[in-house]
Amino acid sequence: MNRTDFARIIFALLLIIVLGGFSLPLLLNSRIFLGISIFIIPIALFIGLLFHILKKQRSIDIITKSAQTHNEHAKVVSKASQVVGDRFYTKTIYFVSFEFPQGERKNFPVNINQFNTLAENDNGILTFKENGNYLLFVNFHRQT
């Protein structure tokens, strides 16, 4: 599930809560129910969202810690960026391709700072983590 889907689900739940919070008290004629629906339920949703984010971060940390670290000579062969999203949310993902002495190439997603400090045809030592299909760029030490 991507961020857009998640945002749509949260919006739908909040809409249900708000509509329920304002229509059910009229039926039940209870101020306590109105207070619970307006304040307690959004807090509960926020706590659920927080647990979801922490669980996802923990799974990323487990993959990162279990991945084997490699230090290899490599050359920057290309840089690329990709814009993803829809009309409500866009994000730019940056990639750098490295070529190893054996001729093998690997593409790494990097952040904007790493993307800007690397230049094509740079040679050096690439430090990365690999666990199956999961690749994590760690560092690149340029050699002159």
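A helix here is a DSSP run of H or I with at least four residues, and helices are numbered from the N terminus. The model in every view below is predicted.

**The whole chain, from end to end.** The protein chain holds three helices and five strands. From the N terminus on, the elements run α-α-β-β-β-α-β-β. The chain has 144 residues, and buried residues make up 22% of them. The chain exposes about 10600 Å². Carbon and sulfur atoms supply 61% of that area. Now take the contacts with a separation of 6 or more: residues 24 or more positions apart account for 48% of them.

**Leu49 in helix H2.** Helix H2 covers residues 31-66, and Leu49 is found in it. Is Leu49 buried, exposed or partly exposed? Buried means under 20% relative accessible area, and exposed means over 50%. Leu49 has 26%, so it counts as partly exposed. Look also for Ile10. Leu49 and Ile10 are 39 residues apart in sequence. In space, their C-alpha atoms are 9.1 Å apart.

**The five-stranded sheet.** In what order do the strands of the open sheet stand? The order is E3-E2-E1-E4-E5, and the pairing is antiparallel. Strand E3 (105-110) and strand E5 (134-142) stand at the edges. Each has a single partner strand, so one side of each is left without a neighbour in the sheet. From one strand to the next, the twist averages 40 degrees. What holds such strands side by side? Strands of a sheet pair through backbone hydrogen bonds, either parallel or antiparallel.

**The hairpin of E1 and E2.** Strand E1 spans residues 68-85, and strand E2 spans residues 90-99. Four residues lie between the two strands of this hairpin. E1 and E2 pair in the antiparallel sense over ten bridges. Ser81 has Tyr94 of E2 as its bridge partner. Lys79 stands opposite Val96 in E2.

**E1 beside E4.** How many bridges join strand E1 to strand E4? The two pair in the antiparallel sense over eight bridges. E4 covers residues 123-131. Thr69 stands opposite Lys129 in E4. Further along, Lys75 stands opposite Asn123 in E4.

**The hairpin of E2 and E3.** E2 also pairs with E3, in the antiparallel sense, over six bridges. Phe98 stands opposite Lys106 in E3. Five residues lie between the strands of this hairpin. Gly103 in this hairpin takes a positive phi near 100 degrees.

Where does Asn121 lie? It lies in the loop between helix H3 (112-117) and strand E4. Asn121 is exposed, because its relative accessible area is 52% and exposed means over 50%.

**Phe98 and Phe140, a tilted pair.** The chain has seven aromatic pairs. In this one, the ring centres of Phe98 and Phe140 are 5.3 Å apart. Their planes stand at 40 degrees, so the pair is tilted. Planes under 30 degrees apart would count as stacked, and planes over 60 as edge-to-face. The pair links distant parts of the chain. Phe98 is in strand E2, Phe140 is in strand E5, and the two are 42 residues apart. Are these residues buried or exposed? Phe98 is buried, with a relative accessible area of 0%. Phe140 is buried as well, with 9%.

**The aromatic cluster.** Which residues make up the cluster? Phe98, Phe100, Phe108, Phe128, Phe137 and Phe140 form it together. The tilted pair of Phe98 and Phe140 is thus part of this cluster.

**Lys79 over the ring of Phe115.** A charge can sit over a ring, and here is an example. The charged end of Lys79 sits over the ring of Phe115, 4.5 Å from its centre. Lys79 is also the residue that stands opposite Val96 in E2.

Technical notes:
Residues are numbered from 1 along each chain as its sequence is written. This is a predicted model: local features need pLDDT of at least 70, side-chain atom pairs count only at pLDDT 80 or more; totals for chains, interfaces and linings use all residues. Side-chain values use heavy atoms; hydrogens and water are left out. Two strands pair if DSSP finds at least two bridges between them. Axes are lines fitted to C-alpha atoms, for helices over the stretch in contact, and angles run from 0 to 180 degrees between N-to-C directions. Rings of Phe, Tyr and Trp (its six-membered ring) pair if their centres lie within 6.5 Å; planes under 30 degrees apart count as stacked, over 60 as edge-to-face and the rest as tilted. Buried means under 20% relative accessible area, exposed over 50%, partly exposed in between (1.4 Å probe, protein chains only). A charge sits over a ring if NZ of Lys or CZ of Arg is within 6 Å of the ring centre and within 35 degrees of the ring normal. Contact means heavy atoms within 4.5 Å. Accessible areas come from the Shrake-Rupley method with a 1.4 Å probe; for residues, only the protein chains shown count as cover.
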